[in-house]
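Dear colleague,

Please find the structure below, handed over for your own work.

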Amino acid sequence: MKNKEIADIFYEIAGFLEIKDVKWKPRAYRRAARSIETLSEDIEKIYREKRLEDIEGVGENIRDKIIEYLETGHLEYYEELKKDLPVDFDALTSIEGIGPKTVKKLYQELDVNDIEDLEEAARKGKIADLKGFGEKSEQNILKGLDMAKINQKRMLLGEAFPLVSDIKQRLSDSIYFDKIDVVGSFRRKKPTIGDIDILATSNNPEKAMEEFCNFEDVVEVLEKGKTKSSVIVSDGLEIDLRIIDNESWGSGLIYFTGSKDHNINLRRLSNRKSYKLNEYGLYRKEGEKEKIASVCEKDVYKALNLDYIPPELREDTGEVEAAEGGKLPKLVEIGDIRGDLHMHTNWSDGINSIEEMAKKAEKRGYNYIAITDHGPGAKITDPPQSISDWKKLKEEITRINEKYNLKVLFGAEAEIEKDGIDLVDEIVDMLDLLLVALHRKLSNPTEKLIDVFNRYPVGIWVHPLNRKINKREPLDLNLNKLVNKAKKENISLEINSQPHRLDLPWDLVKKHRNKIDYVINTDAHSVKQLDYLKFGIYQARRGWLEKENILNTRKLDNLQKILTK
DNA sequence: GCCGTTTTCGGCCCGACTGTTTTCAGTCG
Ligand SMILES: Nc1nc2c(ncn2[C@H]2C[C@H](O)[C@@H](COP(=O)(O)OP(=O)(O)OP(=O)(O)O)O2)c(=O)[nH]1
Ligand SMILES: [Mg+2]
Ligand SMILES: [Mg+2]
Ligand SMILES: [Zn+2]
C-alpha cells in the first residue's frame with residue numbers, strides 16, 4: 001500500500017510551500033494528505049478504478065500528481081521543491097518553537113538543513129545574531145533540542161489515567177481552581193495521547209497559573225499567561241492548562257477537546273450560518289454580534305442545529321454531517337456488556353485462579369465469562385499441554401460453574417501455526433468457545449487465517465492485527481477478505497482492551513462495522529485487568545459502535561453463533 | 001489547490017503567548 005508514502009510526500013510538499021509563503025496550497029496539500037492517510041482502501045485500487053477525485057481534498061491537480069507518482073515512482077513537482085529547499089522540514093519543525101518561517105531564515109542565512117546543523121548554529125551563537133532573533137530565541141532553540149532528545153513517544157491512553165487523576169487531584173486541592181476537566185485527546189480517548197490538556201475555571205486566574213507553573217514536578221515552563229499556560233513535567237510530558245470563565249465553559253470544552261479538524265469543521269459551519277465560533281462562545285456575526293450559546297456543549301451544538309456529539313466521535317470523520325441529519329449512532333456503554341469472553345488464568349500465563357476470575361466477574365455483574373487459556377503452541381512457560389491437562393481444566397471449570405452465579409464457558413486461545421492451530425481436535429471438541437490468534441510471523445498470514453476459519457469452529461478472531469502500540473506495527477492483512485470470510489463463517493472480531501493493544505484499531509472497527517459483529521474483551525491476565533474493559537469500550541465508541549454491533553451485550557442464549565456447540 | 005443549501009469565484013478557524021519589535025510576526029493550541 002502506497003497510501004502512507006503518498007500522504008507523507010504531500011505533507012512534505014505542504015511544508016515546502018509554507019516556507020515559500022505560498023498561500024492556501026499548504027492547506028490543500030495537508031487536507032489531501034490527511035484524507036489519503038486515513039483512507040480505508042488502497043489508493044492504487046482507487047487509481048485503477050479512476051476514483052481518485054472522489055477523495056476529499058483531491059482535485060485535478062493533486063489527482064495528476066498521484067497518478068504520476070503511481071505510474072513512474074517519481075513526482076517532478078516534489079523533487080523540484082526538494083532541490084530548491086534541501087531541508088528536513090519535519091525534523092526541524094518538530095522542535096518546539098520552530099516553524100516554517102524559522103526554517104526558511106535559518107536555511108537562507110546559516111545554511112541549516114537538518115537538526116545537526118541547527119544544533120551547531122545554536123551552539124556557536126550564530127542564531128542570536130540574526131535579525132528578528134536574539135539571545136532568548138537561541139536559548140529556546142537549544143532547550144527545544146534538549147527536549148526533543150528526551151521527548152519520547154506518545155503515551156498510551158491507559159498509562160495516562162493514573163497521571164490524570166493525580167493532576168486533577170492536585171488542582172482540586174488548590175483554593176484557586178474550581179471546575180477542572182481533562183480534555184484534548186484524553187477526553188476523546190485516542191489510543192495514545194501527545195500531552196495532557198486541562199480546562200479549568202478559577203476565582204483567581206493569575207494565582208492559579210502561578211501555582212500550576214510551580215508544581216514540584218514541573219521541569220520547564222514553556223509559556224505562562226492569564227488564560228493559558230504550558231509546562232513540561234518529568235519524562236518530558238507536556239501539560240497544557242487553559243482557564244476560562246464559567247459562562248464559556250461549554251464552548252471552551254468544545255475548543256479544547258478538539259480535535260483540531262472537528263473544531264475547524266464546526267467553525268466553518270458556523271461561518272456558513274453567519275455565526276462565529278471560538279472558545280468563548282458562539283456569536284452572531286452581524287448586528288449586535290450577540291452571544292448565542294456558550295455555557296454548555298449541548299447548547300452550542302444545538303444552536304448550530306446539531307445533535308450532541310460525544311467526544312470519542314470528534315475526529316472529523318463524518319460526525320458533524322451525521323449530527324446535522326440526526327444520524328449519529330447511539331454509542332455502546334460499559335453497562336451494556338454482559339460478559340467477557342477472553343481471559344487467562346494460572347492454568348497458562350495468567351496470575352489468578354479460575355475461581356478468582358469468576359468471583360470478580362460475578363462482582364462486576366456479568367452473566368457469563370469465558371476462560372480462554374493458551375494452547376501448547378504459545379510462547380509461555382507452562383501452558384496446558386496434553387489432552388488430560390485440558391480435561392482437568394474442564395473439570396475445574398465445571399466445579400466453578402456450580403459455585404458462582406454466572407456461566408463460565410470453557411474456551412481456549414489457540415495459536416495459528418504454519419498448518420492449522422495448536423490444539424488437536426479432541427481438545428477443540430471439548431470447548432464451548434474457540435478463540436484464534438496470530439502471535440508469530442507467518443508467511444501468507446491472510447491465507448493461513450482463511451484456512452483456519454474454514455477448518456475449525458472458530459468463535460472469535462482475537463487482537464486481529466497483533467499490534468503493540470509504539471512497539472510493533474499491525475499485521476498487513478487483507479482485512480476486507482478476512483472480514484467477509486469471518487462473516488460467512490459466523491466468526492466475530494475482537495476489540496481487545498489491553499492498553500497496548502486496542503486491536504482491532506478503532507478506524508478499522510468503524511470501517512467494517514456494518515459488515516461484521518464485534519466482541520469487546522479484556523484478555524485479562526489477572527483479576528485486576530478485568531477492569532481494562534473500559535478501554536475497549538472507548539475504542540468501540542470511537543468506531544461508532546452501538547450496542548447492537550457487539551455480541552457480548554447480548555444474553556448467553558444469543559451467543560450461539562460463535563459458540564462451538 | 002479545492003470546493004459549493006450563499007457560490008464556478010472567492011473564500012479557506014480563530015485566538016493566546018512570546019520575543020523582538022517600536023507595532024507585530026511567528027508559533028502553537
Ligand atoms: N480551533 C483550533 N483548535 C485547535 C487547534 N490546535 C489545537 N486545537 C484544540 C483542539 C485540540 O484537541 C486541543 C488540544 O490540542 P493538542 O495539540 O493537545 O491536540 P490533541 O490533544 O487533540 O492531540 P494530542 O494527543 O495532544 O496530540 O486544542 C487549531 O489549530 N485550531
Ligand atoms: Mg493534547
Ligand atoms: Mg495540548
Ligand atoms: Zn489472550
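Metal donors are taken here as N, O and S atoms within 2.8 Å of the metal (3.2 Å for Na, K and Ca); water is not among the atoms, so sites may look incomplete. On that basis, Asp-195 coordinates both the magnesium ion (ligand 3) and the magnesium ion (ligand 2), which are 3.5 Å apart. The donors to ligand 3 are OD atoms of Asp-195, Asp-197 and Asp-240, at 2.0 to 2.2 Å, and their spacing along the chain is D-x1-D-x42-D.

Please note that this is a predicted model, in which local features need pLDDT of at least 70 and side-chain atom pairs count only at pLDDT 80 or more, while totals for chains, interfaces and linings use all residues. Residues are numbered from 1 along each chain as its sequence is written, chains are lettered from A and ligands numbered from 1 in the order in which they are written, and side-chain values use heavy atoms, with hydrogens and water left out.

An automatic or database domain assignment divides chain A into domain 1 (2-152), domain 2 (155-244), domain 3 (249-325) and domain 4 (334-563). The C-alpha centres of domain 2 and domain 3 are separated by 24 Å. Between these two domains, 18 residues of domain 2 are in contact with 16 residues of domain 3 (heavy atoms within 4.5 Å). The buried area is about 1,400 Å², with 62% from carbon and sulfur atoms; this is the accessible area (1.4 Å probe) that the two parts lose on being put together, summed over both. Of the area that domain 2 buries against domain 3, Arg-187, Arg-188 and Arg-242 supply 48%, more than any other three residues.

Three salt bridges cross this interface, a salt bridge being a side-chain nitrogen of Lys or Arg within 4 Å of a carboxyl oxygen of Asp or Glu. Arg-187 forms a salt bridge with Glu-297, where the closest N and O atoms are 2.9 Å apart.

The bond from Gly-258 to Ser-259 is cis, with omega near -5 degrees, and Ser-259 is found in the loop between α13 (249-257) and α14 (260-272); helices (H or I, at least four residues) and strands (E, at least two) are DSSP runs, numbered from the N terminus. The bond from Asp-503 to Leu-504 is also cis, with omega near 10 degrees, and Leu-504 lies in the loop between β17 (492-496) and α22 (506-512).

With kind regards
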